[in-house]
Amino acid sequence: MFNFFSGSSDFTDIIERGAQTSITEKQFFEREIAKWKRSPSRRAMITGERYYLGDHDILNRRRTIIGKDGLLQEVNNLPNSKIVDNQYAKMVDQKVNYLLGKPLTFNTDNAVYAKALRKIFGKRFQRTLKNLGEDALNGGIAWLYPYYDDAGELSFKKFAPYEILPFWKDAEHTVLDCALRLYEVQAYEGLEEKIIEKVEIYRNDGIGRYILVNGTLVHDMENPSGTYMTTVDKNGIETGLNWAKIPLIAFKYNNKETPLIKRVKSLQDGINAILSDFQNNMQEDARNTILVIKNYDGTNLAEFRHNLATYGAVKVKTADGADGGVETLSVSVNAENYKAILDLFKKAVVENARGFDAKDDRLNGSPNEMNIRSMYSDIDLDANGMETEFQTAFEELLWFADVYLANSGTGNFEDEEIEIIFNRNVLINESETIDNCAKSAGIISEETIIAQHPWTTDVKKELERLNKEKEPADEYKGAFGAVNNSDGGDGNET
């Protein structure tokens, strides 16, 4: 028997039914995979990734008209523009760079520990962290896998949100019981290229590796199940080792694990539709002028709508049938209407995504710090929630870093106090900030002032530079005082 608790009543019911029917562990995972592949939550993750890459629903739009029977039918002789104005991707990049655009700061009193962490979480990890931020926004949750590389160094790999099916021990989704990864690989059978679905199950006792064939899990013979890592002694004997925790760390966008796309998809689709419709109307030159053909033939309503949409002509009869001829009915496209709706949609995207508008009127002229803070209020609140989730994830990540440092002989830092600071990429009024720093001299410490100065990148190094600059002046004063007092004077001679 294989029991899990995910914190949901549906999942608990499955386990209870499994206890009655003696469902096997393998059957349990097969059923969960089948449900998860078609679940709304996974579809939302895929949609978020798809929209970020520019693959929007508008690209599949068909142009339709009302047919002769009053039903919609597709037409191919009308313009069908498919314009994507990817405001969603702009919001994702804006949020990622706001919170994760600058290197992290590791604040600890242990200089050896700080140096070791800066080496582990260097520029390569910073790039991985930004990618995790993108995944968290697109999928609601991102996953990081720590492992030892071939050189014995601690490395990190991210998994796509829609590849991971977690099983949680608690309803708050804080402790993993196990996790399943479903991903695709390309392979050849003879000369035929095929897509193979592979499954990895991460548990405390190692990784189970399978191939999903028609919904059934089959053991992967080429890459069999095993431990997370192996060691080889001097005699060439391999020993399998496992982490004391499941090496999968969840970086959440929010506590509900809700992707950003669910807030703004309808608005993004509206922007694409407005732009595409406007271009369609501009390209329909024949539809700007509708021909009214008098006394040529009568028509019913279905034919009227069909002919109007397809041919841009209307056939009518007068009462006496005397007058014939052709007249025109002009239809003008008001661009201002489209512009007004488009502006409303774009502002709504910024508000619902909780971002900021770089073209905000509050930035005109020389904006003060209060105007800038007001413009950043929404994205700042959203970043606070995201940072809270990422701080929790870093607590778990540091456990793996501490184990690695202890095993590599660097030191035991398990009980060391450390603060991880996310340095946000905020627009500021530098002149105003520098002026406030200057006015604070003598009121607060020099170190605090330097930390708040916009040009400071490393507070400790900046303090060291200041102390070095002061040393020559102090030496000169000391020597000058000694010369003045060498003749027994009162030290006031020049």
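Helices here are DSSP runs of H or I with at least four residues, strands are runs of E with at least two, and both are numbered from the N terminus.

I noted that this is a predicted model, where local features need pLDDT of at least 70 and side-chain atom pairs count only at pLDDT 80 or more, while totals for chains, interfaces and linings use all residues. Residues are numbered from 1 along each chain as its sequence is written, and side-chain values use heavy atoms, with hydrogens and water left out.

I then looked up the length of H12. It has 31 residues and spans 44 Å from first C-alpha to last, close to the expected 45 Å at 1.5 Å a residue. The expected span is 1.5 Å times one less than the number of residues.

Next I looked at the loop between H12 (377-407) and strand E17 (419-421), where Glu-416 lies. Glu-416 is partly exposed, at 32% relative accessible area. Buried means under 20%, exposed over 50%, and partly exposed in between (1.4 Å probe, protein chains only).

Which residues form a negative surface patch? I listed Asp-109, Glu-414, Asp-415, Glu-416 and Glu-417. Patch residues have over 30% relative accessible area and no salt bridge, and like charges are joined within 9 Å.

I turned to salt bridges (a side-chain nitrogen of Lys or Arg within 4 Å of a carboxyl oxygen of Asp or Glu). How many salt bridges does a search of the whole structure find? The search gives 24.

I picked out the bridge between Lys-265 and Asp-57, at 2.7 Å from N to O. Lys-265 is in helix H7 (residues 261-283) and Asp-57 in the loop between helix H3 (40-52) and strand E1 (64-66), so this pair ties together parts 208 residues apart in sequence. Lys-265 is partly exposed at 25%, and Asp-57 is partly exposed at 31%.

I also checked Glu-74 and Arg-62, whose closest N and O atoms are 3.2 Å apart in a salt bridge. Glu-74 is in strand E2 (residues 72-74) and Arg-62 in the loop between H3 and E1, so the pair ties together parts 12 residues apart in sequence. I read Glu-74 as partly exposed, at 40%, and Arg-62 as exposed, at 54%.

My last pair was Glu-257 and Lys-252, a salt bridge with closest N and O atoms 3.2 Å apart. Lys-252 is buried, at 7% relative accessibility.

Terms used
Patches are made of residues with over 30% relative accessible area and no salt bridge: like charges are joined within 9 Å, nonpolar side chains (Val, Leu, Ile, Met, Phe, Trp, Tyr) within 5 Å. Accessible areas come from the Shrake-Rupley method with a 1.4 Å probe; for residues, only the protein chains shown count as cover. Lys and Arg count as positive and Asp and Glu as negative; His and the chain ends are not counted. The place of a charge is taken as NZ of Lys, CZ of Arg, CG of Asp or CD of Glu.
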